[in-house]
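User: I'm new to this one and would like to go through it step by step. Could you show it to me before I start asking?

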Amino acid sequence: TAEHYLYVPSRLETLKRQSLVLEAAALMRASLPIVFSGDGGQRTQLLAQAEQLGVQDRVRFLGHVSEQEKRALYAHSLAVIFPARDEDYGYITLEAMLSSKPVVVCADGGGPLEFVRHQANGWVESADPQALAERFDWLDAHATEAAAMGRAARADIEAAALSWPTVVEQLTARTL
């Protein structure tokens, strides 16, 4: 069952834009917790930013987590946030959807936009702290709808039948 937190799994790097999530957290009306996992070069800056914005009481930086811990974090979250810019593929999106979680991505997110359908199995928002804050507040108030979108996300990813044989078949069919 979902607990009441947003999950942000990713390396802590500039292109992954965790700083945008922190800016959104500062604009939220709700006190919905946000849990980050992963490590990277931006950890110190993100911790300082959380403190500067006054959101350190609502955000948790777990650092590196095991695969088992990560699966549990996905499973128990309300939704997954993946604001990366121009991501090539976005395994996080697939992992979230396979965990029956809706995903919030940004309109300039790249690869994840191939999977996330706005207001069907997740949300595509502008890379703007206010837009994200409004979506996070909406999620806080609409856990039942978020769970339904997560089930839709799982159904969509299962219907896509992603596998190497399927990908090779699709690629070679296009070139013939």
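User: Which residues have the most contacts inside the largest nonpolar core?

Analyst: First, a word on the source: this is a predicted model, where local features need pLDDT of at least 70, side-chain atom pairs count only at pLDDT 80 or more, and totals for chains, interfaces and linings use all residues. Residues are numbered from 1 along each chain as its sequence is written, and side-chain values use heavy atoms, leaving out hydrogens and water. A nonpolar core here is a set of buried (under 20% relative accessible area, 1.4 Å probe, protein chains only) Ala, Val, Leu, Ile, Met, Phe, Trp, Tyr and Cys residues joined through side-chain atoms within 4.5 Å. The largest has 30 residues, and the ones with the most contacts inside it are L6, I34 and F136.

User: Which helix gives the most to this core?

Analyst: Helices are DSSP runs of H or I with at least four residues, strands are E runs of at least two, and both are numbered from the N terminus. With five residues, the top giver to this core is helix 1.

User: What is the order of the strands in the open sheet?

Analyst: Two strands pair if DSSP finds at least two bridges between them. The pairing is parallel, and the six strands have the order 3-2-1-4-5-6.

User: Which residue in strand 6 is the bridge partner of C106?

Analyst: Strand 5 (residues 103-106) and strand 6 pair in the parallel sense over four bridges. For C106, the partner is E125.

User: At what angle do helix 1 and helix 5 pack?

Analyst: In helix 1, L20, V21, E23, A24 and L27 meet P129, Q130, L132, A133 and F136 of helix 5, with contact meaning heavy atoms within 4.5 Å. Axes are lines fitted to C-alpha atoms, for helices over the stretch in contact, and angles run from 0 to 180 degrees between N-to-C directions. The two axes are 8 Å apart, and the packing angle is about 65 degrees.

Methods: Buried < 20%, exposed > 50% of the residue type's maximum accessible area, 1.4 Å probe, protein only.
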